[in-house]
Amino acid sequence: MSRAEATKARILQAATEEFAAHGIAGARVDRIAAAASANKNLIYVYFCNKDGLFDAVFDAHVGRGLDMVPFTPDDLPDYAGRLFDFYQKHPEVLRLATWHRLERGTDVERDPAVAEPTRNEKLASLEAVQRERSGAPGFAPATLLTLVLAIASAWSPTNAASMPASAVLASSPAECRSAIVEAVRRML
């Protein structure tokens with residue numbers, strides 16, 4: 001890895017922590033540069049501005065998350081469980097997604113989790129699975145996907161309705177995961 005690549009990687013790591021903690025508006029380029037042991041001007045050279053830096057961080061983490069947790073429309077309970085596992089290991093992903101939605105609002109085209117091509121692929125595959133299965137079709141694909149994503153992030157600190165695991169029967173991550181998988185299974 002070249003010196004420039006190493007510096008850029010340090011900046012991205014420091015920016016990930018800063019944006020996850022403070023959002024776009026609250027993040028400070030000076031703190032990112034200090035945490036990365038980098039010249040502040042390099043942030044502007046590599047990323048143009050703070051918004052460009054946030055976009056790079058967001059794309060790296062949320063895009064990586066989507067790649068690491070493949071969508072399985074024929075096994076939504078397992079998908080929800082794997083999402084929960086990923087969120088437990090990478091809490092910054094949900095924090096970044098929350099800041100993105102709070103501060104950018106309607107700019108969903110930039111959000112790979114809900115961008116039209118990704119969303120349409122997921123919805124089409126859900127609809128195909130529903131058609132293949134016998135019985136009532138259940139929830140509309142968009143409703144079903146929304147519910148699965150919400151259930152998978154039930155114990156996330158970014159979920160305003162979330163209670164700490166110690167406040168409910170599920171007191172360990174394994175029990176929380178089990179409850180999530182079972183909830184999606186019953187919903188189906």
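This is a predicted model: local features need pLDDT of at least 70, side-chain atom pairs count only at pLDDT 80 or more; totals for chains, interfaces and linings use all residues.
Local features are given where pLDDT is at least 70 and side-chain atom pairs where it is 80 or more, while totals for chains, interfaces and linings use all residues. Residues are numbered from 1 along each chain as its sequence is written, and side-chain values use heavy atoms, with hydrogens and water left out.

**Overall make-up**

The protein has nine helices and zero strands. Helices (H or I, at least four residues) and strands (E, at least two) are DSSP runs, numbered from the N terminus. In sequence order the pattern is α-α-α-α-α-α-α-α-α. Of the 188 residues, 35% are buried; buried means under 20% relative accessible area, exposed over 50%, and partly exposed in between (1.4 Å probe, protein chains only). A contact means heavy atoms within 4.5 Å. Among contacts with a separation of 6 or more, 63% join residues 24 or more positions apart.

**Helix α4 and its partners**

Helix α4 (residues 50-68) packs against helix α1 (residues 3-26), with axes that come within 9 Å and cross at roughly 105 degrees. Axes are lines fitted to C-alpha atoms, for helices over the stretch in contact, and angles run from 0 to 180 degrees between N-to-C directions. The two helices are therefore roughly perpendicular to each other. On this scale, angles under 35 degrees count as roughly parallel, over 145 as roughly antiparallel, 65 to 115 as roughly perpendicular and the rest as oblique. From α1 the contact uses I11, L12, A15, T16, F19, I24 and A25, and from α4 it uses K50, D51, L53, F54, A56, V57 and H61. By class, this contact has 10 nonpolar, two polar and two charged residues. Ala, Val, Leu, Ile, Met, Phe, Trp, Tyr, Cys and Pro count as nonpolar, Asp, Glu, Lys and Arg as charged, and the others, Gly among them, as polar.

The axes of α4 and helix α6 (residues 91-104) come within 10 Å and cross at roughly 135 degrees, so α4 is oblique to α6. Residues D51, F54, D55, V57, F58, H61, V62 and R64 in α4 meet E92, V93, L96, A97, H100 and R104 in α6. That contact has seven nonpolar, two polar and five charged residues.

**E92 in helix α6**

E92 lies in helix α6 and is buried, with a relative accessible area of 18%. Leaving aside residues up to four places away in sequence, E92 touches T16, A20, H61 and R64. E92 and F19 are 73 residues apart in sequence and 8.9 Å apart in space, C-alpha to C-alpha.

**Loop residues and cysteines**

S37 is in the loop between α2 (29-36) and α3 (40-47). S37 has a positive phi of about 50 degrees although it is not a glycine. C48, in the loop between α3 and α4, also has a positive phi, near 70 degrees, and is not a glycine.

The structure holds zero disulfides, a disulfide being a pair of cysteine sulfur atoms within 2.5 Å.

| Residue | Relative accessible area | State |
|---|---|---|
| S37 | 61% | exposed |
| C48 | 61% | exposed |
| C176 | 3% | buried |
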